[in-house]
Structures are given as C-alpha cells and as structure tokens.
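User: Could you walk me through this model before I set anything up with it? I'd like the overall picture and then some residue-level detail.

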Amino acid sequence: MASTREEIQADLEEQVSQLTKQVASLTKSMSKRGSAALADSRESASELYEGLYDRFTDALPAMRKQARVAKKTAQDNPMTTALVGVAVFGLVAALLSRR
C-alpha cells in the first residue's frame with residue numbers, strides 16, 4: 001500500500017508540474033496576443049487621430065470665416081443677438097430642468 005500511495009503522489013506531482021507548465025505557456029500566449037491587440041488598437045487610434053486632425057485643419061479656415069461673419073452680424077444686430085441669446089439660454093434651462 002505504501003508503494004501505491006507513493007505512486008499516486010508521484011503521479012499527482014507530475015500532473016501538477018504539467019499543469020503548471022501549461023498555465024505558464026497559456027499565460028505567455030495570452031500576453032503576446034494582448035500585446036498585439038494593444039499595438040493594433042494604438043495604430044487604429046493614431047490613424048483616427050490623424051484623420052480627424054487633417055479634417056479639422058482643412059476646415060479651420062472656413063470655420064474662422066464663419067466666425068467672423070457671425071461676429072459682424074452680431075455687432076450689426078445687437079437686439080436680435082440678445083434675443084437669440086435669451087432664447088438659447090431658455091432652451092438650455094428647459095432641457096436641464098426636465099432631468
């Protein structure tokens with residue numbers, strides 16, 4: 001019976017050793033996959049940022065022109081500008097009060 005107990009213990013130790021190696025291998029594999037996924041995500045985010053930056057840079061002159069037109073219109077029509085401001089403030093207040 002002692003030899004059977006020793007055999008069982010040796011078998012269990014061998015199984016534990018194999019399982020430990022498999023877990024280490026899986027951990028290493030998952031780490032590699034995670035690193036690759038992170039690199040892909042960074043690359044995608046970088047491409048998205050570059051695209052948005054290019055679009056924004058292209059649109060900036062038109063946005064500045066429209067801002068100057070809006071400023072001139074507001075200066076030429078102060079009463080209308082004040083009424084629009086009050087209306088927008090009222091709309092925002094109404095939307096916030098609904099929450």
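Analyst: What follows goes from the overall form to single residues.

Analyst: This is a predicted model, in which local features need pLDDT of at least 70 and side-chain atom pairs count only at pLDDT 80 or more, while totals for chains, interfaces and linings use all residues. Residues are numbered from 1 along each chain as its sequence is written, and side-chain values use heavy atoms, with hydrogens and water left out.

User: OK, how many helices and strands are there?

Analyst: The chain has 2 helices and 0 strands, where helices (H or I, at least four residues) and strands (E, at least two) are DSSP runs numbered from the N terminus. Helix α1 covers residues 2-76, and helix α2 covers residues 78-97.

User: And what radius of gyration does the chain have, next to a compact globule?

Analyst: The chain has 34 Å, whereas a compact globule of 99 residues would have a radius of gyration near 13 Å; the radius is taken over C-alpha atoms, and the globule rule is 2.2 Å times the number of residues to the power 0.38. Along the principal axes, the C-alpha atoms fill a box of roughly 105 × 40 × 10 Å.

User: What share of the residues counts as buried?

Analyst: Of the 99 residues, 0% count as buried, with buried meaning under 20% relative accessible area, exposed over 50%, and partly exposed in between (1.4 Å probe, protein chains only). The accessible surface of the chain comes to about 9300 Å², and 62% of that belongs to carbon and sulfur atoms; these areas come from the Shrake-Rupley method with a 1.4 Å probe, and for residues only the protein chains shown count as cover.

User: Switching to contacts, how many aromatic pairs does a search of the whole structure find?

Analyst: The search finds 1 aromatic pair. The rings of Y49 and Y53 have centres 6.2 Å apart and planes at 25 degrees, so the pair is stacked; the rule is that rings of Phe, Tyr and Trp (its six-membered ring) pair if their centres lie within 6.5 Å, and that planes under 30 degrees apart count as stacked, over 60 as edge-to-face and the rest as tilted.

User: Where do Y49 and Y53 lie, and how far apart along the helix?

Analyst: Both Y49 and Y53 lie in helix α1, 4 residues apart, which is about one turn of the helix. Y49 counts as exposed because its relative accessibility is 56%, while Y53, with a relative accessible area of 49%, is partly exposed.

User: What about salt bridges, how many does the structure hold?

Analyst: The structure holds 1 salt bridge, defined as a side-chain nitrogen of Lys or Arg within 4 Å of a carboxyl oxygen of Asp or Glu. D76 forms this bridge with K72, and the closest N and O atoms are 3.1 Å apart. Both D76 and K72 lie in helix α1, 4 residues apart, about one turn of the helix, and D76 is partly exposed at a relative accessible area of 48%.

User: Which residues make the nonpolar surface patch?

Analyst: V84, V88, V92 and L96 make a nonpolar surface patch of about 340 Å². Patches are made of residues with over 30% relative accessible area and no salt bridge, with like charges joined within 9 Å and nonpolar side chains (Val, Leu, Ile, Met, Phe, Trp, Tyr) within 5 Å. V88 lies in helix α2 and is partly exposed, its relative accessible area being 47%.

User: Which residues does the UniProt annotation "transmembrane region" cover?

Analyst: In the unreviewed UniProt entry, that annotation covers residues 79-96; UniProt positions are given in the numbering used here, feature names are shortened, and annotations may be inferred rather than shown by experiment. Over residues 79-96 the chain is 100% helix and 0% strand, and the end C-alpha atoms are 26 Å apart.
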